[in-house]
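Please go through the model shown here, beginning at the ligand and continuing to a helix and a set of paired strands.

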Amino acid sequence: MMIRASDLGWRTRGKTILQGATLEIEKGEVLGLIGPNGSGKSTLLRMLAGLLKPSQGHVELAGQELARMNQREIARITAFVAQQADTSDRISVRDAVELGRTPWLDALRPWSEEDSRHVANALATVEMQGFETRDWITLSGGERQRVHIARALAQAPQVLLLDEPTNHLDIHHQLSIMRLIGRLGLTTIVALHDLNQAMSCDRLGVLHQGRLIALGSPAEILTPELLHCVFAVSATELIDPTDGTRVLRFRSMTQALPDMNRHDVS
Ligand SMILES: Nc1ncnc2c1ncn2[C@@H]1O[C@H](COP(=O)(O)OP(=O)(O)OP(=O)(O)O)[C@@H](O)[C@H]1O
């Protein structure tokens, strides 16, 4: 088991933000976290990344107690891509991605060709080669997002934690990031808002009002009943005729559905 979280909870200023989250993630599994705004997805990811100390419960990472590991030990196993990670520092794209190598460097292990290879591969993977010398502040939102993902890949992690990684991305790059997540073979936990993208995950966890209320395969989870209860939408399942995949189409609950039983002959 790569990650084991038991009864995780977080409280702040007397308010419970997350409670009773228990989950296990196998090596190489892609787990999607879905849930409405404010349901606790980022909070759970930040606890799994060791960035937020749980008020309750504990996390095991690759067989070790996360609370007993230092940031460097955690960063050699886990890379985290936050939702809005920005920097005001004037750094180049290459500098930003090179930061991913930090957990592997020290006085006895200075920068080497291997580190440069990791950085070049990571930039190529997110289709950002050629941007190395650009100033970070001149990048668009989507380019910044891809550089953040490159920084995480340069870290050569076993576990990838991604908070809405397709935010800001155009459709080509949304699809290529989702495809990349699928083929990296890393243990990945990814918070997603696009429920059609979520269908490509091995399993989905649903957060609702600070609780992990369901965990299972996309087919088990993305039912019209659950989508109605959790997201307050009505969903219709369609089949893409080109490859037979399921596609969900959503309507707000206030939008009237056409009466399928009415056969008007005019
Ligand atoms: N430091 C904090 N102090 C007070 N409330 C907080 C703090 N951090 C998070 N919250 C609240 O906790 C709840 C869960 O936040 P979280 O960011 O985990 O949700 P989320 O599911 O990731 O939401 P979104 O989909 O909007 O990104 C929100 O209501 C948020 O306002």
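The shell around the ligand comprises two nonpolar, eight polar and one charged residue, where Ala, Val, Leu, Ile, Met, Phe, Trp, Tyr, Cys and Pro count as nonpolar, Asp, Glu, Lys and Arg as charged, and the others, Gly among them, as polar. This is a predicted model, in which local features need pLDDT of at least 70, side-chain atom pairs count only at pLDDT 80 or more, and totals for chains, interfaces and linings use all residues. Residues are numbered from 1 along each chain as its sequence is written. Among the residues surrounding the ligand are Thr12, Ile17, Lys41 and Leu207; a residue is near a molecule if its C-beta atom, placed from the backbone, lies within 6 Å of it. Helix H1 (residues 41–48) gives the most to this shell, with three residues. Helices (H or I, at least four residues) and strands (E, at least two) are DSSP runs, numbered from the N terminus.

In helix H4 (residues 113–125), His118, Val119, Ala122 and Leu123 are buried, meaning 20 or more other C-beta atoms within 10 Å of their own, against 12 or fewer for exposed, with C-beta atoms placed from the backbone. They lie on the same side of H4 because they cover an arc of only 125° around the axis, taken from the directions from the helix axis to the C-beta atoms. Glu113, Glu114 and Arg117, on the other side of H4, are exposed. Just after H4, Glu127 takes a positive phi of about 55°.

Strand S1 (residues 3–12) runs antiparallel to strand S4 (residues 56–61), joined by five bridges; strands pair if DSSP finds at least two bridges between them. Ile3 stands opposite Leu61 in S4. Seven bridges link S1 to strand S2 (residues 15–25), also antiparallel, and Trp10 stands opposite Leu18 in S2.
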